[in-house]
Amino acid sequence: MESRGQRLVDALVRRLDLAPSGEDRFRGMPGRGDGRVFGGMLLAQGVIAAGRTVTGSVPHAIHAQFVRPGRYGTEIDWTVERVRDGRQFAIRRVDGRQADRLVITLTASFTRPGEGLAHQDAMPDAPAPDGLPDWEDLRVAILKDPGARRPDGPLEIRECNPANAVPAPGRPARRALWMRLRGALPNDPLVHAAALVFASDRGLLSTAARPHGLMWGARQGASLDHAVWLHGPLRFDGWTLYTSESPVAVAGRALLFGAMWSAGGMRIASVAQEGIIRLGAPPAAPFAATRLSR
């Protein structure tokens, strides 16, 4: 019998299986929910749309700009422009619209697998994921409210430093999480890349809240733009360490950098994002992303 975790991952894969709707055009549903569509879902569907127009290459760089909030329950129409098809690189521009309103625009660059110079920094020290608390269980313990637990999603997330999980004034704007999918993905490199990009938006912007002591419910945030670089052939299965830091924030706009590592120590992706973080009411359009608590 299929596990519940596998059913959650299968649901994610179905959301990424965009339907053709014309030449270099696709259509997909972001899922069901309340409020804004999770930014990672928009990013992942955009990567799939771009990848459907490329053969023999894998994505290595995605640069996205969130234009306005996406809404659940409404189809997203994806239009792909073939900017360049070279011997080594292919570039696509992708626009995602709901009801003819632009929600997200991104460029995706693809490359053919090859050999060349290679180096990387060492993977940072982190406790093994086994024995660390699930993030939702930790939230319940911190808030002392069993009703605060949110439904499981396709990603399992564990906090590397549970003792310092609560934001506090003066706390460093750094964070480390272990994450993995709750089930297996199809053996398709494009789907693995899209799932990693989906995950890259989880827990990132909340890093910027840590030195300000902003707890859940006291803060709202939104991604303004998001970039991901994928390093070499990858599979997004098993545990992945996601480290993040926010070296600067000005006028509520926080800059964030992230790195994703396989359990074996390979750096598989790098991430950069600018987001806006505010007290009180949610940010108004045109900012499009999810609340920091996601």
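This is a predicted model: local features need pLDDT of at least 70, side-chain atom pairs count only at pLDDT 80 or more; totals for chains, interfaces and linings use all residues.

Modeller: Happy to! Serine 246 belongs to strand β10, residues 240-250, and beyond its neighbours within four places in sequence it touches Ala173, Thr207, Ala208, Ala254, Leu255 and Leu256.

Now to the charges, where the count comes to 17 salt bridges. One of them joins arginine 253 to glutamate 274, at 3.4 Å from N to O. Arginine 253 sits in strand β11 and glutamate 274 in strand β12, so this pair ties together parts 21 residues apart in sequence. Arginine 253 is partly exposed at 38%, and glutamate 274 is partly exposed too, at 25%.

Another salt bridge pairs arginine 182 with aspartate 152, at 3.5 Å from N to O. Here the link runs between distant parts of the chain: arginine 182 is in the loop between β8 and α4, while aspartate 152 is in the loop between α3 and β7, 30 residues away. Both residues also belong to a network of salt bridges with Arg4 and Asp134.

Aspartate 85 and arginine 92 make a further pair, with their closest N and O atoms 2.9 Å apart. In this pair, aspartate 85 is exposed at 51% relative accessibility, whereas arginine 92 is buried at 0%.

Conventions: Residues are numbered from 1 along each chain as its sequence is written. Side-chain values use heavy atoms; hydrogens and water are left out. Helices (H or I, at least four residues) and strands (E, at least two) are DSSP runs, numbered from the N terminus. Contact means heavy atoms within 4.5 Å. A salt bridge is a side-chain nitrogen of Lys or Arg within 4 Å of a carboxyl oxygen of Asp or Glu. Buried means under 20% relative accessible area, exposed over 50%, partly exposed in between (1.4 Å probe, protein chains only).
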